[in-house]
Amino acid sequence: MEVQRQTNLETFSSKDLEKALQRIKKSIWVFHLNTGSCNGCDIEILDVLTPWFDVERFGIKLVASPRHADVVLLTGPITIKTLPRLVKALRAVPRPRLVLAIGSCAVGGNIWFNSYATLGGFPNIIDKLNELGIIIDKVVYVPGCPARPEAIIYGVAVMLNLIKQKSHYKKVKT
Amino acid sequence: MVKFVKVIPIAVKVGTVTIKYPYAKPLVTDSFRGAIEVNPSKCTGCGACTRICPPKALSMSIEGETAILRYFIGRCIFCGMCADVCPEKAIKITKEFELASEQVFDLYVDVEHEVVTCKRCGSKFVTSRLLNKVEQKLEEFPKELLYLCPRCRRIEMLSKQTYLR
């Protein structure tokens, strides 16, 4: 019954997501997806996996196939050339489909936000992915150019609801 | 196999290198640059930071009755150019880097300014605070020209000169 509910795209509600996140709490496997990044953020992701930060103490492990992954580590501003591969890779990820957009490129497009060759960050294509039937259950944005290894670990903790996020929308009047 | 054994005494000598990140404080040096913070009591809304910002993370726009200086942390590259260029020293570089959020909306910071309307055409062209500052600096500037937008000011100046002849 549970498996049937998961496979149905329409009936996967936020309650089911919470249940799935509880199941995922034990340890998550990550898949690294580069969409035209400058390799800065990729090196930081490698840093997180080295013995210095040793993220395997939290059970986080890098896998080679999106079919094995719980979380997709997405870097880069999503160039036009990588878009078909991105769609293919994200379609292969099982539900709940979690994405960690790392670096200012993936969050807001960085200096390429207006470029003809990029889509200017992950937020711009979420709706189009939904139209294609690839529903992204949760996205966590990790700004930074490149994002610090600590910031990436913090982002994973925010994704798994272990801590509450610090940043909130602010509006100040002079 | 024999080669691997050589690693063991080295590993024993070095010991554990892993940092205890969530519990131990991360390494943050004095020169580290994190997210910026705009001091709303000092900012005049001149827009110097929006011009220098390489990815245009800072942007100035006039919406309705207010001018908004919008800072999008998601696009910021933490270069600190805005803090260098700010004439009022209103922008401060903080050490904050744990900025992860679930919504893009949470990564925006807005600073609202009051706007002066042009006395002739009624368009909004500058923040009132910047106009006051300019008024203090330029004592001999004719007052009736100060409250006109750049286009109307040009027309006013030209019409004055033509009438004189």
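Is Glu131(A) buried or exposed in this predicted model? Glu131(A) is exposed, because 7 other C-beta atoms lie within 10 Å. Glu131(A) sits in helix α6 (residues 126-131) of chain A. Helices are DSSP runs of H or I, at least four residues; strands are E, at least two; both are numbered from the N terminus. Glu131(A) is ten residues from Gly121(A) in sequence, and 18 Å away, C-alpha to C-alpha.

A word on the ground rules. Residues count from 1 along each chain as its sequence is written, and chains are lettered from A and ligands numbered from 1 in written order. The model is predicted, so local features need pLDDT of at least 70 and side-chain atom pairs 80 or more, while totals for chains, interfaces and linings use all residues.

Now the interface. In contact here means C-beta atoms, placed from the backbone, within 7 Å. By that rule, 36 residues of chain A touch 34 residues of chain B. On chain A's side, α5 (103-108), β5 (138-142), α7 (149-159) and β6 (170-173) each give two or more residues. The largest share, six residues, is from α7(A).

β6(A) runs parallel to β5 (residues 108-117) of chain B, with four bridges joining them. Pairing takes at least two DSSP bridges. Val172(A) stands opposite Val111(B) in β5(B).

Last, confidence. Chain B has a mean pLDDT of 88, with 99% of its residues at 70 or more. pLDDT is the predictor's confidence in each residue, from 0 to 100. The model scores ipTM 0.82 and pTM 0.84.

Note on methods:
Contact = placed C-beta atoms within 7 Å. Buried ≥ 20, exposed ≤ 12 C-beta atoms within 10 Å, placed from the backbone.
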